[in-house]
Each structure stands twice: as C-alpha cells, then as structure tokens.
Amino acid sequence: MNAFFMKKALEEAQKAYELDEVPVGAVVVRNGEIIAAGHNLRESVKDATAHAEMIAIRNACEALGGWRLPGCELYVTLEPCAMCSGAILQARIEKLYIGAMDPKAGAAGSVLNLFEDYHFNHRCEVERGMMESECSLILKTFFRKKR
C-alpha cells in the first residue's frame, strides 16, 4: 500500500517536471486515502515557500478544516528541507515517508535531522528510502537536462 502512495507523489513530481520545476511531489494520506497533494511551484508562482510539502500540507489543512493533521502521513519524493520539516512537525503529521535523500539541504537526516531533535513537542516517525531509485532518477534526469 505504501508504494502506491509514493507512486502518487512521483506523479506529482512529474507535474513539476513538466512545468520545468524541480521535480518534487508530495501527498498527504489519512485513513488510507489521499486527502491532498502538491508539487514544486517555486518558479511558477515566484514563491520561496511553494515547495511540494508546503502545498500538500496547506491543501490538507484546508480539506480537514484546521492546522493540525492528526492521523496523517506524508509521502514525499525528496527529503524535506528545514522549512518543510518544520511545517511537518507543526502540522502534527504522524509519519513521513521519504523517497530520495537530499545531501545538500535535507533536514530529515542528511544535513541535519529536525525529526530527532527532542526539544520539539511533537514526534513524527520517519521512513527513508521508499522507491529511492525512482525518486532519484526523476531528479537526476531533470538536472542533467538543465546542464
């Protein structure tokens, strides 16, 4: 079942790719159903916060009618940055599934790990490496095309 949701996040990443955005996608799942999705739109909307995770979280908050997302899981194709990791913790996401790690800006274990900082009052379980090769390939293809 989990691979199904990561495939949906990859479909979101493909949408970003087609817009010439860095291909990152995310879906929020609750009770086995996708309640929200998002993909990178930073260039399109000229907004530094328009990361896939931020958009998916905003959409999920709107769908559920509040800023807390109890019982929700987030599937994202690339390890979240510090901003997105903070939003995941603030939204009270219960579990995070990551495709590819981001050694340059990742805040879930690569550069730093906000999810293991026990100063925060919320804990989010993290699973890394889900469909890692597929999630990595779309990014490599995108950046190869750019160079």
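A residue counts as exposed when its relative accessible area is over 50%, and as buried when that area is under 20%. This report describes a predicted model, and these two words are used in that sense throughout.

**The sheet**

Five strands make up an open sheet with mixed pairing, and their order across the sheet is S2-S1-S3-S4-S5. Its edges are strand S2 (33-39) and strand S5 (125-127), each of which pairs on one side only. On average, neighbouring strands of the sheet are turned by 20° against each other, with direction ignored.

Helix H1 (residues 2-18) packs on this sheet and touches S1, S2, S3 and strand S4 (95-100). The direction of H1 makes about 145° with that of S1. Helix H3 lies across S1, S2 and S3, and runs at about 140° to S2.

The pairings for which bridges are listed here are set out below, each with its direction.

| Strands | Bridges | Direction |
|---|---|---|
| S1 and S2 | six bridges | antiparallel |
| S1 and S3 | five bridges | antiparallel |
| S3 and S4 | five bridges | parallel |

Individual residue pairs show how the strands are set against one another. Strand S1 covers residues 25-30 and strand S3 covers residues 72-78. Across these two strands, Arg-30 stands opposite Cys-72 in S3, and Ala-26 has Val-76 of S3 as its bridge partner. On the side of S4, the bridge partner of Tyr-75 is Tyr-97.

Is S1 largely enclosed by the rest of the structure or largely open, and why? Five of its six residues are buried, so S1 is largely enclosed by the rest of the structure.

**Two residues with positive phi**

Most residues other than glycine have a negative phi. Asn-31 is not a glycine, yet has a positive phi of about 55°. Asn-31 is found in the loop between S1 and S2. These two strands form a hairpin with two residues between them, and Asn-31 is in the turn. Because its relative accessibility is 72%, Asn-31 counts as exposed.

Lys-46 likewise has a positive phi of about 55° without being a glycine. The loop that holds Lys-46 is the one between H2 and H3. Lys-46 is exposed, as its relative accessible area is 69%.

**His-51**

His-51 also belongs to the loop between helix H2 (42-45) and H3. Is His-51 buried or exposed? Its relative accessibility is 12%, so His-51 counts as buried. Leaving aside residues up to four places away in sequence, His-51 touches Asn-40, Arg-42, Cys-81, Met-83 and Cys-84. Eleven residues along the chain from His-51 is Glu-62, and the C-alpha atoms of the two are separated by 17 Å.

**Helices H3 and H4**

Helix H3 spans residues 52-64 and helix H4 spans residues 82-90. Their axes come within 9 Å and cross at roughly 25°. That angle makes H3 roughly parallel to H4, since angles under 35 degrees count as roughly parallel. The crossing is left-handed.

Which residues make the contact between H3 and H4? On H3 they are Glu-53, Met-54 and Ile-57, and on H4 they are Met-83, Cys-84, Ala-87 and Ile-88. Of the residues in this contact, six are nonpolar, none is polar and one is charged. Met-83 and Cys-84, which take part in the contact with H3, are also among the residues that His-51 touches.

Key
Residues are numbered from 1 along each chain as its sequence is written. This is a predicted model: local features need pLDDT of at least 70, side-chain atom pairs count only at pLDDT 80 or more; totals for chains, interfaces and linings use all residues. Side-chain values use heavy atoms; hydrogens and water are left out. Axes are lines fitted to C-alpha atoms, for helices over the stretch in contact, and angles run from 0 to 180 degrees between N-to-C directions. Helices (H or I, at least four residues) and strands (E, at least two) are DSSP runs, numbered from the N terminus. Angles under 35 degrees count as roughly parallel, over 145 as roughly antiparallel, 65 to 115 as roughly perpendicular and the rest as oblique. A crossing is left-handed if the near helix is turned anticlockwise from the far one by less than a right angle, and right-handed if clockwise. Contact means heavy atoms within 4.5 Å. Ala, Val, Leu, Ile, Met, Phe, Trp, Tyr, Cys and Pro count as nonpolar, Asp, Glu, Lys and Arg as charged, and the others, Gly among them, as polar. Buried means under 20% relative accessible area, exposed over 50%, partly exposed in between (1.4 Å probe, protein chains only). Two strands pair if DSSP finds at least two bridges between them.
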